[in-house]
Amino acid sequence: MWNSSIKAEYLASTMVQVIEAYSIRGTETVLVDSINELRKQFPNCTDAEINDILSLCFEMYNMKHSDSIELVITAPETFRIKTKKTRDVVENLIKNAEKSVVMTGYSISDYFTGMLDTIIAKSQQGVYVRFYVNDIEKSRASLVKMLAYRSKYLQFFEYEKNSDDKMAASHAKILTIDSDKSLVSSANLSYHGLSGNIEMGFLVRSADKAKQIEELLKELVRMHVYKKIS
């Protein structure tokens with residue numbers, strides 16, 4: 001079908017750009033432009049073959065970017081459950097972040113500080129880190145090192161206490177990476193949350209859900225539910 005002039009790298013990069021542009025703009029012009037470009041680069045392909053290429057690329061792209069959910073647990077080492085462990089997932093998500101890290105935390109202990117150097121290093125590499133905490137004073141001892149590195153890439157937000165309800169709190173435990181993957185769990189950022197307790201949650205691979213989480217937190221800042229720590 002194709003002649004030897006077809007280069008896989010060109011095809012892959014071109015099609016990813018086309019599909020992502022189409023998903024955002026949703027116009028036929030994007031597809032027409034891509035077809036014309038493919039015809040120019042691969043003149044020996046027939047119209048049917050060009051359409052087959054586009055269809056195959058859309059199918060492969062959608063398979064790769066389809067949503068998925070996996071169970072994540074905290075449990076004693078003696079538990080023989082074949083599923084992802086909370087601490088491993090948290091560490092791997094932060095370690096592999098390339099664009100952004102968004103975290104919410106209710107209880108943060110010294111046990112979590114082992115990951116702080118990684119988070120600080122990520123922010124210094126240009127990864128945007130947004131940390132939403134319930135009570136900065138209760139977590140200050142654990143976060144003191146991170147607080148010293150505040151910048152446009154590393155920012156903290158604190159829950160504004162409700163004067164009408166002293167028991168109200170920011171109790172969410174969420175970690176969202178690169179606007180793509182989100183860990184939603186009952187686990188606090190503490191020894192018991194990450195290693196000692198029985199905790200359950202889900203690792204959700206969904207750009208749509210990740211963006212919803214990020215937009216919700218931004219909206220809560222605009223509503224003064226959270227305030228930026230300066």
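**Strands and positive phi**

User: In strand 8, which residue is the bridge partner of Val184?
Analyst: In this predicted model, strand 8 covers residues 199-205 and runs antiparallel to strand 7, the two being joined by five bridges. Within that pairing, the partner of Val184 in strand 8 is Phe202.

User: In strand 7, which residue is the bridge partner of Thr176?
Analyst: Strand 6 spans 174-177 and strand 7 spans 181-185, and the two pair in the antiparallel sense over four bridges. Across this pairing, the residue of strand 7 that partners Thr176 is Ser182.

User: What phi does Asp178 take in the hairpin of strand 6 and strand 7?
Analyst: Asp178 sits in the loop between these strands, and the hairpin has three residues between the strands. Most residues other than glycine have a negative phi. Asp178 is not a glycine and yet has a positive value, its phi being near 55°.

User: Is Asp178 buried or exposed?
Analyst: The relative accessibility of Asp178 is 16%, and the cut-off for burial is under 20%.

User: Where is His224, which has a positive phi of about 65°?
Analyst: His224 is not a glycine, although its phi is positive.

User: Is His224 buried or exposed?
Analyst: His224 has a relative accessible area of 61%, and a residue counts as exposed over 50%. Because 61% passes that cut-off, His224 is exposed.

Note on methods: Residues are numbered from 1 along each chain as its sequence is written. This is a predicted model: local features need pLDDT of at least 70, side-chain atom pairs count only at pLDDT 80 or more; totals for chains, interfaces and linings use all residues. Side-chain values use heavy atoms; hydrogens and water are left out. Buried means under 20% relative accessible area, exposed over 50%, partly exposed in between (1.4 Å probe, protein chains only). Two strands pair if DSSP finds at least two bridges between them.
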